[in-house]
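I opened this entry to get my bearings in a new chain.

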Amino acid sequence: LTGGGGSQVGIGTKLASIAQQFTQGNVTATNNPLDVAINGNGFFQVDNNGALAYTRNGQFQIDRDEYLVNSQGYKVQGYPVVNGVPGGSPGDIQLATTILAPSATTSASISLNLDSRASSLSSAAFNYADATTYSSSTSLSLYDSLGNAHIYSMYFLKTGSNTWNSYATLTTSAGSTVNLSTGGPLNSITFTSAGAISVGSSASQTITTAQLGTGAAALSTGINFTGSTQFGSSFGVNTLNQDGYASGRLTGFSIGSDGIFKARYSNGQTVDKAQIVLGAFNNPQGLQPLGNNLYAETNDSNQAVIGAPGSGKLGLLQASAVEESNVDLTSELVSMITAQRNYQANSQTIKTQDQILQT
């Protein structure tokens with residue numbers, strides 16, 4: 001019946017292959033900021049004492065040595081951040097929880113409107129303690145090399161048509177006030193007839209160690225008034241920024257879709273710590289299962305192509321989320337019920353046939 005030849009093995013069944021399904025699973029939100037799910041192609045790379053493994057399970061935690069690890073203690077791999085830019089060779093991600101060192105203020109930018117209707121005053125009569133000797137004032141905090149905050153106050157005095165002088169004082173962290181304009185105005189600010197500030201209106205202020213009174217290094221700050229105006233409306237500050245900050249303690253972490261691991265500090269600063277890398281394979285079916293959602297590369301899978309999330313054919317990351325199994329349990333349960341009903345129907349058919357034959 002099956003053709004010529006005397007060595008037929010019949011029409012039985014055999015196992016063709018066992019295929020691993022690496023299709024995308026549903027992504028579910030969690031309350032753990034260190035849970036990371038992959039949207040798209042790729043595997044996390046983890047290191048177990050030099051032996052690399054790959055996984056799509058992004059349930060991470062921080063061990064006692066401040067390394068980012070998975071549930072088996074394998075260290076998650078990522079690019080280090082050097083001068084604010086991730087790159088280089090992937091390595092263990094260590095999240096130091098030490099205090100963030102302070103940074104002294106080196107520059108400040110101020111955008112404000114000076115009232116063109118203000119009366120002109122004599123610059124010789126300026127006295128920061130007498131509000132009638134200047135037109136308007138504002139202040140900002142400057143930080144020294146030790147992280148101490150000092151109040152830097154600026155005073156603006158109109159000396160003529162479209163011309164203003166600026167003066168400054170420093171109230172130190174100890175509470176004493178130092179007049180920084182004993183030698184005259186800090187600088188002269190001029191405006192056009194349309195109220196726009198003239199090009200080059202900036203000032204540089206050097207505050208000595210003795211003036212700070214904290215033992216910190218001398219503070220040299222450049223102040224830029226770009227964007228300021230002189231319109232016929234009341235004085236107001238539009239933007240006021242400076243680049244210094246005090247020391248800060250770690251308050252939390254966040255992970256972006258590009259894998260950048262950011263640390264948040266109590267002083268309001270956010271610092272990039274590392275970037276989680278992903279690996280992609282030409283033939284994921286060739287990976288060797290190691291258990292615990294881990295896989296090892298083989299000759300069949302070829303070597304992993306390592307890169308940042310979102311680059312090339314690698315997917316993006318979603319923090320505070322996990323990827324569920326790509327097995328649809330409801331569909332599988334329905335299939336099992338269907339198979340059971342088919343078996344029962346076949347059994348009833350055979351039973352009925354036996355009864356007919358007996359009759």
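Predicted model: local features only at pLDDT ≥ 70, side-chain atom pairs only at ≥ 80, totals over all residues.

**Overall build.** I looked up the radius of gyration next. The chain has 35 Å, whereas a compact globule of 359 residues would have a value near 21 Å. Along the principal axes, the C-alpha atoms fill a box of roughly 125 × 45 × 35 Å.

**Contacts and surface.** Buried residues make up 35% of the chain. I noted an accessible surface of about 19600 Å², with 49% of it on carbon and sulfur atoms.

**Charges.** I find 13 positive and 19 negative side chains. The centres of the two sets lie 4 Å apart.

Which residues have the most contacts inside the largest nonpolar core? I list Phe44, Leu68, Val76, Ile93, Phe261, Ile276 and Leu317, in a core of 26 residues. Several strands each supply at least two residues of this core, among them strand 2 (36-39), strand 3 (43-48) and strand 21 (270-276). Strand 20 gives the largest share, three residues.

I then followed Leu317. Leaving aside residues up to four places away in sequence, Leu317 touches residues including Val36, Ile38, Phe44, Ile276, Leu278 and Pro309. I also logged a second, separate core of 23 residues, which includes Leu114, Leu140, Met154 and Val178.

Terms used
Residues numbered from 1 in each chain as written. Heavy atoms only, no water. Core = buried A, V, L, I, M, F, W, Y, C linked by side-chain atoms within 4.5 Å. Buried < 20%, exposed > 50% of the residue type's maximum accessible area, 1.4 Å probe, protein only. Helix = DSSP H or I, 4+ residues; strand = E, 2+ residues; numbered from the N terminus. Contact = heavy atoms within 4.5 Å. Rg over C-alpha atoms; globule rule 2.2 N^0.38 Å. Areas by Shrake-Rupley, 256 points an atom, 1.4 Å probe, with all protein chains shown as cover. Lys, Arg positive; Asp, Glu negative; His and termini not counted. Charge placed at Lys NZ, Arg CZ, Asp CG, Glu CD.
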